[in-house]
Amino acid sequence: MTFIDQALRGEPLTVFGDGSQTRSFCFVEDLVDGIFRLLGSEENEPVNIGNPREMSVLEFAEKILELTGSSS
């Protein structure tokens, strides 16, 4: 959310470190649905119900700039 606010205000985006840290994003509704379905299943091994695609913080910042058209 901070990236979006900064981009919309035309401020530099704050990226800590070199931006190579990765994050994985998903819709909260999808995650909650996955947890609910997993609770009702017979599965007893670890399961990844998140998004398997990770992106670096720097990639995310660049995508925010692209989508907002900001010159930050």
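## Salt bridges

This predicted model holds three salt bridges. A salt bridge here is a side-chain nitrogen of Lys or Arg within 4 Å of a carboxyl oxygen of Asp or Glu. The general idea is simple: side chains of opposite charge can pair when their charged atoms come close.

Let's start with Arg9, which pairs with Glu11; their closest N and O atoms are 2.9 Å apart. How open to the outside are these partners? Exposure is judged by relative accessible area: under 20% is buried, over 50% is exposed, and partly exposed lies in between (1.4 Å probe, protein chains only). Arg9 counts as exposed because its relative accessible area is 54%, while Glu11 has 31% and so is partly exposed.

## Two bridges inside helices

Helices and strands here are DSSP runs, numbered from the N terminus: helices are H or I with at least four residues, and strands are E with at least two. In which helix do Arg37 and Asp33 lie? Both are in α2, four residues apart, which is about one turn of the helix. Arg37 is exposed because its relative accessibility is 59%, and Asp33, at 35%, is partly exposed.

Helix α3 has a pair too: Glu66 and Lys63 sit three residues apart there, again about one turn of the helix. The closest N and O atoms of this salt bridge are 3.5 Å apart. Glu66 is exposed, with a relative accessible area of 55%, and Lys63 is partly exposed at 35%.

## The nonpolar core

Now for the inside. A nonpolar core is a set of buried Ala, Val, Leu, Ile, Met, Phe, Trp, Tyr and Cys residues joined through side-chain atoms within 4.5 Å. Which residues make up the largest one? There are six: Phe3, Ala7, Leu13, Val57, Ala61 and Ile64. Helices α1 and α3 (57-68) each supply at least two residues of this core, and α3 gives the most, with three.

Contact means heavy atoms within 4.5 Å. Leaving aside neighbours within four places in sequence, Ala7 is in contact with Leu13, Ile64, Leu65, Thr68, Ser70 and Ser72. Leu8 is also worth a look: this residue of helix α1 counts as exposed because its relative accessibility is 61%. The C-alpha atoms of Leu8 and Ser70 are separated by 6.5 Å, though the two residues are 62 apart along the chain.

## A nonpolar patch on the surface

Leu31, Ile35, Leu38, Leu39, Val47 and Ile49 form a patch on the surface, with about 470 Å² of accessible area together. Patches are made of residues with over 30% relative accessible area and no salt bridge; like charges are joined within 9 Å, and nonpolar side chains (Val, Leu, Ile, Met, Phe, Trp, Tyr) within 5 Å. The areas come from the Shrake-Rupley method with a 1.4 Å probe, and for residues only the protein chains shown count as cover.

Where is Ile49 found? Look in the loop between α2 (28-39) and β2 (55-56). Ile49 is partly exposed because its relative accessible area is 30%. Leaving aside neighbours within four places in sequence, Ile49 is in contact with Leu31, Gly34 and Ile35. Its C-alpha atom is 9.4 Å from that of Asp33, 16 residues away along the chain.

## Around strand β2

Not counting residues up to four places away in sequence, Ser56 touches Gly19, Ser20, Gln21 and Thr22.

Arg53 belongs to the loop between α2 and β2. Leaving aside neighbours within four places in sequence, Arg53 is in contact with Arg23 and Ser24. Arg53 and Ser24 are 29 residues apart in sequence and 6.1 Å apart in space, C-alpha to C-alpha.

## How confident is the model?

The predictor's confidence in each residue is called pLDDT, and runs from 0 to 100. The protein averages 93, and 100% of the residues score at least 70. Confidence is lowest in helix α1 (residues 2-8), at a mean of 93, and highest in β2, at 96.

Since the model is predicted, local features need pLDDT of at least 70, side-chain atom pairs count only at pLDDT 80 or more, and totals for chains, interfaces and linings use all residues. Residues are numbered from 1 along each chain as its sequence is written, and side-chain values use heavy atoms, with hydrogens and water left out.
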